[in-house]
Amino acid sequence: MVQGLVTGSDVVQGGSRRTIYSAQIEYEYQVAADILIGDQYSYMKWNTSGKTSAEQIVAKHPVGSFVDVYYDPLKPEKSVLSMSYWDLPWLFFVLLPVFHLVALISIMGIIDKKDPDNNQTKIA
C-alpha cells in the first residue's frame with residue numbers, strides 16, 4: 001500500500017435500460033520511481049441505481065485528498081482504493097455450495113434406491 005493523490009472525483013451516470021450511477025475516482029500514486037495513474041475504486045465493478053451511494057463515495061474522496069492505494073506488487077499499474085470485504089465476490093462463494101447441494105439433491109431424486117428384486121439401480 002502507498003499514499004496516492006486524488007486527481008478526479010465525480011458521479012457518473014449511465015445505463016441503457018435504467019439509470020445507474022458509479023463513483024469515478026482518479027488518482028496518482030508512486031511505486032519505486034514510477035508515477036502511475038489509477039481509476040479503479042474496488043475489485044468489483046461498482047454501480048448503483050441510487051445516486052446517493054455514489055455521491056457518498058465521491059464526498060469521501062475529494063480532488064486533492066490523499067488516499068491509500070492498494071496495488072499488485074507484480075503489476076503495480078493494477079490498483080484499487082477499497083479492499084473492503086463487500087467489494088469481493090463473496091456472493092459467488094456463498095451461493096456456489098448451495099447450487100451444488102441443489103444439484104446433488106436433484107440427482108439423488110432421479111436415481112431411486114436399488115430395486116430389491118434384481119439388485120440393480122433403478123432410474124425413476
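**Notes on the predicted model**

1. Confidence first. Among the elements of the protein, strand 3 (residues 34-38) comes out with the highest mean pLDDT, 98, while strand 6 (residues 111-115) has the lowest, 56. This is a predicted model, and where pLDDT is low, the predicted coordinates should not be read in detail. Over the whole protein the average pLDDT is 83, and 77% of the residues score at least 70.

2. Overall layout. I get two helices and seven strands for the secondary structure. Reading from the N terminus, the order of elements is β-β-β-α-β-β-α-β-β. If we take contacts between residues at least 6 apart in sequence, 53% of them join residues at least 24 apart.

3. Surface and interior. The protein has 124 residues, and buried ones make up 24% of them. Its accessible surface comes to about 9,300 Å², with 58% of that belonging to carbon and sulfur atoms.

4. The tyrosines. There are two aromatic pairs in the structure. One of them is Tyr27 with Tyr29, a tilted pair with 5.9 Å centre to centre and 40 degrees between the planes.

5. Are Tyr27 and Tyr29 buried or exposed? Tyr27 has a relative accessible area of 0% and is buried. Tyr29 is buried as well, with a relative accessible area of 2%. Buried here means under 20% relative accessible area, so both tyrosines qualify.

6. Val58, worth a look in the viewer. This residue lies in helix 1 (residues 51-60). Its relative accessibility is 15%, and Val58 therefore counts as buried. Which residues does Val58 contact once its neighbours within four places in sequence are left aside? They are Ser9, Asp10, Val11, Ala23 and Ile25. Take Asp10 from that list: Asp10 and Val58 are 48 residues apart along the chain, yet their C-alpha atoms are separated by 6.0 Å.

7. Where I would be careful. My comments on strand 6 stop at its mean pLDDT of 56.

Definitions and conventions:
Residues numbered from 1 in each chain as written. Predicted model: local features only at pLDDT ≥ 70, side-chain atom pairs only at ≥ 80, totals over all residues. Heavy atoms only, no water. pLDDT = per-residue confidence, 0-100. Helix = DSSP H or I, 4+ residues; strand = E, 2+ residues; numbered from the N terminus. Phe/Tyr/Trp six-rings, centres within 6.5 Å; stacked < 30°, edge-to-face > 60°. Buried < 20%, exposed > 50% of the residue type's maximum accessible area, 1.4 Å probe, protein only. Contact = heavy atoms within 4.5 Å. Areas by Shrake-Rupley, 256 points an atom, 1.4 Å probe, with all protein chains shown as cover.
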